[in-house]
Amino acid sequence: MILLLVSVVLVLVLIASWISLVRESKRFNVRGPSPLPLIGNAHLFVVKSSEFMNLLHRLSLKYGDAYRVHLFSQPYVILTHPKYLEELVPSMEHITKGRSYSFLTCWLGQGLLTSTGQRWKSHRKFLTPAFHFNILQNFLPVFCKNQRVLTQKLKGMADGRDVDLFPIVALAALDNVTESIMGVCVDAQKHSKSDYVQSIDELSRIVSMRMQIPILGEDPIFNLLPYKTRQDKALKILHGQTNQVINARRQELKNLNITSLNASDDVGIRNKHAFLDLLLLSEIDGQKIDDESVREEVDTFMFEGHDTTTSGIAYTLYCLSNHRDAQEKIYEELQTIFTDDFHRDPTYHELHQMKYLELVLRESMRLFPPVPMVERRMTRDCEVGGLNFIKGTSVVINIFEIQRNPELFEDPLQFRPERFETSLKHPFSWLAFSAGPRNCIGQKFAMMELKITISEIVKNFIILPSDQAPELSADLILRSQNGVQVKLRPRN
Ligand code: HEM
């Protein structure tokens, strides 16, 4: 009898859920697959991570360049054409991030990437000077020093074997960001097994899994699994390290009797703590930023500033491995810049002279955008760019797909850096650093790091193709299931 009752209740719940999902899906003026009871379209997303981008491509071919899916009860609209972005991307209203970013809040709290509203506005305003030329040029010697370690490492591998660039570059990028943002050297390239380095890796993996496997995105289920304990352990180590660095610098400033950015010429500009000092000494509405918020911003820059550049560097080198002509052009450009001593470090001004390299970076990040998608959440029922959204919809801008659209880029799968010598067909057709008010605040930092790394590698090595093409996978970052492989041969 009880079994019968339970079965009846279950069937009623399933029917109610199905009716509600079908009704909701009809409120969108875009097409999409019919939702199933309870799970919506989540079953479609049970694919290998290397199939994820292909799945999105197939869905856009079937349902158009704006389509809807439901992951459980959560509606998503996926946009694969820039015509829908004209109102959305520049908007100061639709700046709230989508649901996927919620997996990061345990780590980054209300840092710049994940926050919204007034908090985001005021933090964006006070953090913008951190990427001023005066501060960025402090980081140049840091990047060059870490690059020398990377070049030495790669020399030991330049014997024709396959080299998976991703993990090797990731350690160099981690060193670059830790030293420039926190002002401390963790020497990840030499101590890759340190608790801190391992915890960053662990947390990135867990966040990535939660984004790719819909069921792990559900907190009640995730919290029951061993991943939660592993996440807590990694968080304790990461937050502990950030707090320790912040406290040490706060004490130093106190000992030096420095209480504001103007107190000393050196503070905030010409010193290795430039970024941290800005956070510790700036004021918002006459108030210093509290410790927790400083920690959240430091962690945000640590997160955003290393996996992104790793992906950018690894995939650019992959593109170059298949295009020897482009490598030679970069090499020739470098010869015209470094006429006195070819192997010395570049100056900030010389990085700007690397024009062809810049085209190569733009083209590589068009084909392999390090951030393949970004997501906004609609905070009310609204119509934006001709599309109807209901409150709570996550709107995904599929940068990867947009940047490979044949309407916007001729022969889109061809690697052709010269295409960026002429203007774009649509202002939002190249979105590697996104656009509008929530674009990448670190893009100058990133371009500087990318130029230093790629130019040094091209100076020292010929990059040859491996037989293995990367199997693309995506979370917040474009990765590869089988690594990003190239072969290296020393020049000369
Ligand atoms: C090649 C390297 C990079 C790429 C392709 C990239 C791309 C992006 C993109 C697409 C966004 C928008 C994210 C969104 O809308 O959700 C973003 C935001 C952001 N990026 Fe980058 N990024 C790179 C490097 C960096 C670096 C080096 C830093 C810092 C050191 C950084 C810090 C940030 C921050 C803090 C945000 C959030 C900005 C806001 O919402 O106001 N990024 N980045």
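Glu 304 puts a polar side-chain atom 3.0 Å from a nitrogen atom of the ligand. This is a predicted model, and in it the ligand sits in the largest cavity. The shell around the ligand draws two or more residues from each of helix H5 (117-127), helix H12 (291-304), helix H13 (307-321), strand E6 (373-377) and H18.

**Around the ligand**
- Of the 26 residues around the ligand, the nearest are Lys 97, Tyr 101, Trp 120, Arg 124 and Cys 440.
- Tyr 101 has a polar side-chain atom 2.5 Å from a ligand oxygen atom, while Leu 112 uses a polar backbone atom, 3.4 Å from an oxygen atom of the ligand.
- Sorted by class, the shell comes out at 15 nonpolar, six polar and five charged residues.

**The iron**
- Cys 440 is the only protein donor of the ligand's iron atom, with its SG at 2.3 Å.
- You'll find Cys 440 in the loop between helix H17 (399-402) and helix H18 (443-460).

**Largest pocket**
- This pocket holds about 780 Å³ of space.
- It has 31 lining residues, with Phe 166, Asp 201, Ser 204, Arg 205 and Arg 479 nearest its centre.
- H8 gives the largest share of that lining, nine residues; helix H7 (165-182) and strand E12 (478-480) each supply at least two.
- The lining splits into twelve nonpolar, eleven polar and eight charged residues.

**Second largest pocket**
- Here there's about 410 Å³ of space.
- Its lining counts 18 residues, and His 57, Ser 60, Phe 400, Glu 401 and Arg 404 lie nearest the centre.
- Helix H2 (52-63) and H17 are the elements giving two or more residues to this lining, and H2 has the largest share with five.

Definitions and conventions. Residues are numbered from 1 along each chain as its sequence is written. This is a predicted model: local features need pLDDT of at least 70, side-chain atom pairs count only at pLDDT 80 or more; totals for chains, interfaces and linings use all residues. Side-chain values use heavy atoms; hydrogens and water are left out. Donors are N, O and S atoms within 2.8 Å of the metal (3.2 Å for Na, K and Ca); water is not among the atoms, so sites may look incomplete. Helices (H or I, at least four residues) and strands (E, at least two) are DSSP runs, numbered from the N terminus. A residue is near a molecule or strand if one of its heavy atoms lies within 4 Å of it. A polar contact is a pair of N or O atoms within 3.5 Å; within protein, one must be able to donate a hydrogen and the other to accept it, and residues adjacent in sequence count only if both atoms are side-chain atoms. On a 1 Å grid over the protein atoms alone, a cavity is a set of points where a 1.4 Å probe fits but cannot get out, and a pocket is an open set with protein on both sides within 12 Å along at least five of seven lines; lining residues have an atom within 4 Å of a point. A molecule sits in a cavity or pocket if more than half of its atoms lie within 2 Å of its grid points. Ala, Val, Leu, Ile, Met, Phe, Trp, Tyr, Cys and Pro count as nonpolar, Asp, Glu, Lys and Arg as charged, and the others, Gly among them, as polar. Grid points are joined across faces, edges and corners, and a volume is the space filled by probe spheres set on the points.
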